[in-house]
Amino acid sequence: MSRPHRTPPRWVRWTLGILLALVPCVVWGVTTATAERSLGPHEALYEVTTNGLVTVDLGPLGTIQIDSPLPLGLGADVTVEEIPADLTAVGQADTLEGLSQDLEDYLRFFGGPQETIGSVARALVVDALRRTGFAVLVVAAVGAGLYLLLGPPRRRELSERVAPRTYKITAGVVLVSLVGASLVASDPGTTSGPSQRASAVFDGTPLEGARITGRLAGVVDTYGAMLIDLYRENEDFYARADANLVAAWDRRDRIQRLTAPRSAAAATSDDRPSDEPSDGASPDAPDATGDAPEATDAPTSGADDAPDTGAEEPGAPDTEDGDEARDAPTPQPAPAAEEDLVTLLVVSDLHCNTGMSPLIRTAVERSGASVVLNAGDTTMNGTAVESFCVDSFASAVPKGVTMVVADGNHDSVETSAQERANGQTVLDGKVVEVEGIRILGDRDPLETRLGLGSQPPREETPEEYAARLAEVACTEQEDGDGIDLLLIHTPRMGNEALDSGCVPNQVSGHMHTRSGPERTGGGVRYVSGSTAGAVKDQLRIGPLKGTAEMTVLRFDPERRRIVDWQLVQIGTDESAKVWPRIAWPTPSGEPVVEEPDEVGTEDGTEGDLPGGDAPAGAPAGDEPAGEG
């Protein structure tokens, strides 16, 4: 005699009913998720599978298979597509320049595939949630329609028949959904991957365990060792450079602790702005190796370690024409305590040299920076596939630290979108306030593409761009708030704003050679060197080709002025130097009435560097390291 079916309570039936509708939606959403991302220099389509493998299909060349980092046995099929020609970014592949750029992109992916994998995984999760939500809406709409069409009598009849079998029906639907999804998402042609011999070439690299099939296996076995050597050389170089940077910072910290009492006494005895290094050391102090640095490496400074601005010493009274009123000190708020200063780290012209990412993180952590200022040219051509570079630099910024970006001429609207997706503050012509600092800036008025020169990307000339920034700065000043910093890529684009007297400080890049800080117009201009060590006609990937530079600024929020600056350098020999702090020049705040000096050509293209000379105020013997 069969036992009667026990009817579950109403709340159980409702819970199981929701589960009955939700499970197929989730399974369908996850197993059909897709994402379009980059793979080296290629666009690629990523599709979720359930075979636990990431399979890169290279067509007649074969496939690359690696164990999937995704949970629950999920994997992905990757269909490699064309190298993009969007944004006229990459020239024809028959040019050596175009081929070398493709090589750089391949090597970047190989050197750090975890960045691409992480980006793809996040994109697949987002697409899975979107598809699941869509499926839930469809199921809910269909269910609501049936509910209304059946009517109360028919619904009661169905409920009486189905209720005793609630558990069986729920389990059956879940099982069918999982089996169906497995059959749909799996590719029988790739499930045999784990039995394929792993390529020994990849041992000790992020692709360790990868299995290569087809003609590509022979190519990898024959030539892969050369690529591995390049990868290991790159990894070893930046690992040693990072260790040297840590040691250099340790030494600088010790010097600053030893000289702190003297610096504090000097600060209390004279409340005027001073150009003496805040730690009491001079730029000729020994570096991390214990040797005195060469003069050409030192931050720009003149007598008594004051910045060589080509102007009078900041704070010196101007008695011209017997105007003794200028001798009177200007009342200022009391200087902020050390712990109340806001620390910023300046980087610029990264040009996809992701090897510098760990060193940027070290500089942020050791300096205590809460803001990173990126003066642009994060990428080489602003293409969609260069999201790998943006993601890598974003990962270098610790949680809680804000990155503010003024995109350069090698970036694009696509680059800006990628940066915003990483939570960065991308300047767009409006004033933003970060840590109490009011910052104005915008993406560069020109876009430079490989082999195609520079063109305005919008209906605004460089001259109109410069005038607009000056107008915004002065409008802010008239409203009473003003701005503290102008962050742009190309230095000359801020000349008009500096001359207006409405901009106290400007930070920029583009020149690949450091200049300043120097008084310009009514403010102070600082041009950052390349954080990628960029050198003209040299690959940006691999060990540094030129000295990489970052700059630490400290800002007093009470007096709303930059207090001092500190140069950080990484040499081509893996050496690292952390220079002492040097007082920031005091801006005059007075507008310039005469015509500003012309710098560069009217079209503002890459040929605007004046005869190859270094920017005004650059150290003697320094030349521009390459195109901006």
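This is a predicted model: local features need pLDDT of at least 70, side-chain atom pairs count only at pLDDT 80 or more; totals for chains, interfaces and linings use all residues.
Strand β8 pairs with strand β7 (residues 342–347) in the parallel sense, over four bridges. Within this pairing, Val372 of β8 is the bridge partner of Leu345.

Helix α7 (residues 387–395) is largely enclosed by the rest of the structure, because eight of its nine residues are buried. The buried residues in α7 include Ser387, Phe388, Cys389 and Val390, and also Asp391, Ser392, Phe393 and Ala394.

On the surface, a nonpolar patch is formed by Trp28, Phe134, Val138, Val142, Leu146 and Leu149, with about 630 Å² of accessible area together. Helix α3 (residues 113–162) gives the most to this patch, namely five residues. In an α-helix there are 3.6 residues a turn, so residues three or four places apart point the same way. Phe134 counts as exposed because its relative accessible area is 53%, and the cut-off for exposed is over 50%.

The chain has a mean pLDDT of 73, with 59% of its residues at 70 or more. Over residues 263–296 the pLDDT stays under 50, and the model has 75 contacts beyond four places in sequence for this stretch. Residues 300–330 also have pLDDT below 50, with 52 contacts in the model beyond near neighbours in sequence.

Methods. Residues are numbered from 1 along each chain as its sequence is written. Side-chain values use heavy atoms; hydrogens and water are left out. Patches are made of residues with over 30% relative accessible area and no salt bridge: like charges are joined within 9 Å, nonpolar side chains (Val, Leu, Ile, Met, Phe, Trp, Tyr) within 5 Å. Accessible areas come from the Shrake-Rupley method with a 1.4 Å probe; for residues, only the protein chains shown count as cover. A salt bridge is a side-chain nitrogen of Lys or Arg within 4 Å of a carboxyl oxygen of Asp or Glu. Helices (H or I, at least four residues) and strands (E, at least two) are DSSP runs, numbered from the N terminus. Buried means under 20% relative accessible area, exposed over 50%, partly exposed in between (1.4 Å probe, protein chains only). pLDDT is the predictor's confidence in each residue, from 0 to 100. Contact means heavy atoms within 4.5 Å. Two strands pair if DSSP finds at least two bridges between them.
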